[in-house]
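Could you walk me through this model in the viewer, one selection at a time? I would like to know what to click next and what is there.

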Amino acid sequence: MQFSKRLDAFGEEIFASLNDKRLALEAEGRTIYNLSVGTPDFPPAPHIVDALVNAARKPEMWKYSLRDLPELKQAVCDYYARRFGVEGITPDMVTSVNGTQEGVGLFALAMLDEDDTVLVPDPCYPIFQGGAFIAKAKPYYYKLTAEHGFLPHVADIPDEVADRAKYMIVSLPANPVGSVATPGLYEEIIAFARAHDILIVHDNAYSDIIYDGERGGSFLAHEGALEQGVEFFSLSKSFDVTGARVGFLVGRADVVAAFAKLRGQMSFGMFYPIQMAAIAALTGSLEGVERQRMLYQERRDALCDGLEAIGWERPNAHGTMFVWAKLPGGRTDSLAFCEELMERAGVVVTPGASFGPSGEGYVRMALVLPPEGLRAAVEAIRAAGI
Ligand SMILES: Cc1ncc(COP(=O)(O)O)c(C=O)c1O
């Protein structure tokens with residue numbers, strides 16, 4: 001059987017061995033602190049669950065939805081005004097997607113032809129380059145390095161690359177590197193995109209997980225953004241609904257229509273009870289979201305303070321549910337370090353190299369345990385002499 005050459009772009013799962021080791025250690029009864037997962041451990045708010053359950057009791061809610069409910073699109077428009085201060089989003093500028101992960105892959109198919117260039121961050125959330133591979137396009141990796149605060153530095157992108165690029169993916173707060181946008185950064189990116197006729201695709205997955213008094217926002221709030229870009233807006237992390245698969249593409253109506261045309265070939269729409277849950281999330285109280293942000297910050301502090309106290313360099317951790325830690329003790333091989341950390345301390349983290357070449361030398365740790373669990377994980381690392 002000859003499978004599509006498309007699959008050749010996706011290597012073997014080199015981290016399967018890490019997973020097998022973790023399962024073996026768990027089977028031995030070892031205490032394991034699993035900080036490798038990116039799924040929040042917080043429950044969704046009751047009003048969101050109720051909306052889904054109540055809808056699911058009605059037979060008509062089980063039919064093909066085929067479209068986004070007008071109330072859902074309006075709820076997104078209103079949320080953009082209420083939460084992000086972005087006025088002027090109209091329903092034709094909104095379409096639902098079964099999560100940003102799937103959205104970014106489909107977006108590539110809607111926008112790219114073979115050998116087109118797309119600018120993606122390195123290190124990056126893997127679907128950013130995966131989407132390009134699925135579309136047989138070519139990712140150009142722009143680096144997020146400590147030198148520039150792990151932020152996009154468009155001046156480093158050569159003109160000839162920028163001139164042929166179709167779109168640029170930007171995502172802040174950034175998984176895995178934990179950086180957040182600084183004042184003027186988006187304006188700089190928008191000016192660069194305008195000069196080279198590039199569309200900006202902003203992935204806004206962590207607008208509500210941001211620390212030290214910063215307030216997360218939307219890329220679309222910045223001057224010129226509505227002409228130059230679109231935004232994937234996910235409910236997954238803000239509202240703890242990762243399994244429901246609910247997000248939106250928001251912004252330029254022509255781009256949203258092209259995306260919806262492609263998606264419509266493959267999807268009969270979002271399950272109505274999930275649409276009802278999304279409406280409840282978007283129109284309901286955001287107090288719980290704010291409380292959760294503070295709980296994440298306590299976790300961030302517990303982990304970063306602890307690692308610093310045992311001699312690690314303080315990790316980069318200004319936003320997202322992750323911290324990005326440099327390997328301690330002059331180590332350079334992130335995969336080997338993850339194996340060592342798991343075997344000696346029972347702490348499971350993700351090797352930086354799995355997010356791209358610039359991730360080598362780092363590990364990503366997820367804030368998925370309460371502060372006391374994270375302190376216990378740090379103590380296990382200390383006791384193991386790492
Ligand atoms: C940067 C980024 N984008 C998107 C996602 C996935 O979002 P969704 O659940 O909407 O597919 C994640 C999840 O970890 C992420 O880190």
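**Stop one: around α7**

Start with what covers the buried residues of α7, which includes β5 (165–170), β6 (199–204) and α8 (225–228). Contact here is a pair of C-beta atoms, placed from the backbone, within 7 Å. Helices (H or I, at least four residues) and strands (E, at least two) are DSSP runs, numbered from the N terminus. Residues are numbered from 1 along each chain as its sequence is written. The model is predicted: local features need pLDDT of at least 70, side-chain atom pairs count only at pLDDT 80 or more, and totals for chains, interfaces and linings use all residues.

Now select Tyr186, Ile189, Ile190 and Ala193, the buried residues of α7. Seen down the helix axis, they fall within an arc of 100°, so they line one face of α7; the arc is that of the directions from the axis to the C-beta atoms. Buried means 20 or more other C-beta atoms within 10 Å of a residue's own, exposed 12 or fewer, and partly exposed in between, with C-beta atoms placed from the backbone.

**Stop two: α1**

Select residues 16–27 for helix α1. Its 12 residues include 1 buried residue, and α1 is hardly covered. Gly29 follows α1 with a positive phi, near 90°.

Notes
Expected span 1.5 Å × (residues − 1). Contact = placed C-beta atoms within 7 Å.
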